[in-house]
Amino acid sequence: MISDKKLRQLLLEKRQKGKWPLQLVVFTLVFALVFGVVEYAFYGFTMEGHTIDELLTTMGKGAVVAFLMTIIRFGRTNYQLNKYKVELDAFEKQQSEIDKLF
């Protein structure tokens with residue numbers, strides 16, 4: 001049996017499934033920028049001879065990591081949506097009936 005908290009989370013993910021491509025792009029870009037800022041903050045460009053190419057390489061690695069993490073998250077969420085489809089549909093129906101009362 002799955003908890004109500006997990007069902008609510010899955011229901012929210014199901015409703016936001018259409019926004020996944022946007023989330024993927026935004027998370028990838030933000031993570032790449034964070035990696036670039038961390039690289040610049042710790043090493044700088046001139047202290048040890050770092051160049052913009054090395055910064056871009058680091059940002060590229062950050063983008064790849066973010067992309068893979070997001071794809072894995074989406075895959076895991078899809079698996080759980082399929083696994084708990086019956087419980088999720090019943091919970092969604094119950095929630096819609098409760099919403100009608102208020």
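Phenylalanine 31 is partly exposed, with a relative accessible area of 21%; that label covers what falls between buried (under 20% relative accessible area) and exposed (over 50%), using a 1.4 Å probe and protein chains only. The model is a predicted one, in which local features need pLDDT of at least 70 and side-chain atom pairs count only at pLDDT 80 or more, while totals for chains, interfaces and linings use all residues. Residues are numbered from 1 along each chain as its sequence is written, and side-chain values use heavy atoms, with hydrogens and water left out.

Phenylalanine 31 teams up with phenylalanine 35 in a tilted aromatic pair, at 5.0 Å centre to centre and 40° between the planes. Rings of Phe, Tyr and Trp (for Trp, the six-membered ring) pair if their centres lie within 6.5 Å, and planes under 30 degrees apart count as stacked, over 60 as edge-to-face and the rest as tilted. About one helical turn separates phenylalanine 31 from phenylalanine 35, because they sit four residues apart in helix H2. Helices here are DSSP runs (H or I, at least four residues), numbered from the N terminus. Phenylalanine 35 is partly exposed too, at 30% relative accessibility.

Phenylalanine 27 has 32% relative accessibility, so it counts as partly exposed. The structure holds three aromatic pairs. One of them joins phenylalanine 27 to phenylalanine 31, a tilted arrangement with 5.6 Å from centre to centre and 35° between the planes. Put together, Phe27, Phe31 and Phe35 make up one aromatic cluster.

Next comes the packing of two other helices. H1 and helix H3 (residues 52-83) pack at an angle of about 115°, their axes 10 Å apart; axes are lines fitted to C-alpha atoms over the stretch in contact, and angles run from 0 to 180 degrees between N-to-C directions. On the H1 side the contact (heavy atoms within 4.5 Å) is made by Lys6, Leu10, Glu13 and Lys14, and on the H3 side by Arg73, Arg76, Thr77, Gln80 and Leu81. These residues divide into two nonpolar, two polar and five charged.

Glutamate 13 is worth a look of its own. It belongs to helix H1 (residues 4-15). With 14% relative accessibility, glutamate 13 counts as buried. Leaving aside residues up to four places away in sequence, glutamate 13 touches Trp20, Arg73 and Thr77.

How values were computed
Nonpolar A, V, L, I, M, F, W, Y, C, P; charged D, E, K, R; others polar.
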